[in-house]
Each structure stands twice: as structure tokens, then as C-alpha cells.
Amino acid sequence: MKMSKIVFLAAALVMPVSVASADVGAVYKKNCASCHAADGSGDTKMGKKAGARDYRDAKVQASFSDAEALAAIKNGVKKDGKEAMKGYSSKVSDAEAAELVKYIRAFKK
């Protein structure tokens, strides 16, 4: 009886992580992939136009901190005073934005 409770508790602790991971892929696809591409390459028509960087490149990944990525997701990005990427604070929660940063980091080769 005690073993089944332990297994249940362990599953309950692990499940939110796996659910969050599955959900973040859908959030990325819905909000990010049209510019940043499904593989993070930025190789889309919109991505090329906006100058999306290749998140698979380790040098690109090293060029920004997690905090900077989080701020870009929430507040957007400006280049030369023009909006290069709109902010998604009204479309993604703080938790989703934090998961997106992890998701983006996983593109690095």
C-alpha cells in the first residue's frame, strides 16, 4: 500500500513537467514558429524579413542571457528604433515565457 502511494506521488511530481514540456511546443508553434521556424533556424519568409537569428547556432545562443530572452518574449525587440518583434506578454503567461526560453535553448547544436 505504501509503495503505491509513493509511485503515485512520484508520478504527480513528474507529470506537470512533462505536460509543461508538451504544452510549450504548442505555444512555440502557435506564437513563434512562423518567424523562428519549427527548428529554430529562423528560415521562414517572415523570419528572413525580420532578421530572426538561428537559435541552433551556439554563438547566437551565447549572445543573449535567459533574462534577455525572457524580456524579448514578453516585451518585444526593437532594432534601430523600429519594432523587430512584438511582445507576447498578452499572449503567453510568465510561466509559458520561461518555458519558451528553455525550449529555445534546446535548439542549440
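Predicted model: local features only at pLDDT ≥ 70, side-chain atom pairs only at ≥ 80, totals over all residues.
The protein contains six helices and two strands. Read from the N terminus, the elements follow the order α-α-α-α-α-β-β-α. Of the 109 residues, 27% are classed as buried. The accessible surface of the protein amounts to about 7600 Å², and carbon and sulfur atoms contribute 62% of that area. Among contacts in the protein with a separation of 6 or more, 46% involve residues 24 or more positions apart.

Helix H1 spans residues 2–31, and Asn31 belongs to this helix. The relative accessibility of Asn31 is 12%. Asn31 is therefore counted as buried, since the class applies under 20% relative accessible area. When neighbours within four places in sequence are set aside, Asn31 is in contact with Tyr88, Lys91 and Val92.

Aromatic rings were examined next. A pair of aromatic rings is described by the distance of the centres and the angle of the planes. Four aromatic pairs were counted in the model. One of them joins Tyr55 and Phe64, with the ring centres 5.8 Å apart and an angle of 70° between the planes. This pair is edge-to-face, because planes over 60 degrees apart are placed in that class. Tyr55 has a relative accessible area of 11% and is buried. Phe64 is likewise buried, with a relative accessible area of 11%.

Another aromatic pair is made by Tyr103 and Phe107. The centres of these rings lie 5.5 Å apart and the planes meet at 85°, so the pair is edge-to-face. Tyr103 has a relative accessibility of 27% and counts as partly exposed, because this value falls between the limits of 20% for buried and 50% for exposed. Phe107, in contrast, is buried, with a relative accessible area of 13%. Tyr103 and Phe107 also belong to one aromatic cluster together with Tyr28.

Terms used
Residues numbered from 1 in each chain as written. Heavy atoms only, no water. Helix = DSSP H or I, 4+ residues; strand = E, 2+ residues; numbered from the N terminus. Buried < 20%, exposed > 50% of the residue type's maximum accessible area, 1.4 Å probe, protein only. Contact = heavy atoms within 4.5 Å. Areas by Shrake-Rupley, 256 points an atom, 1.4 Å probe, with all protein chains shown as cover. Phe/Tyr/Trp six-rings, centres within 6.5 Å; stacked < 30°, edge-to-face > 60°.
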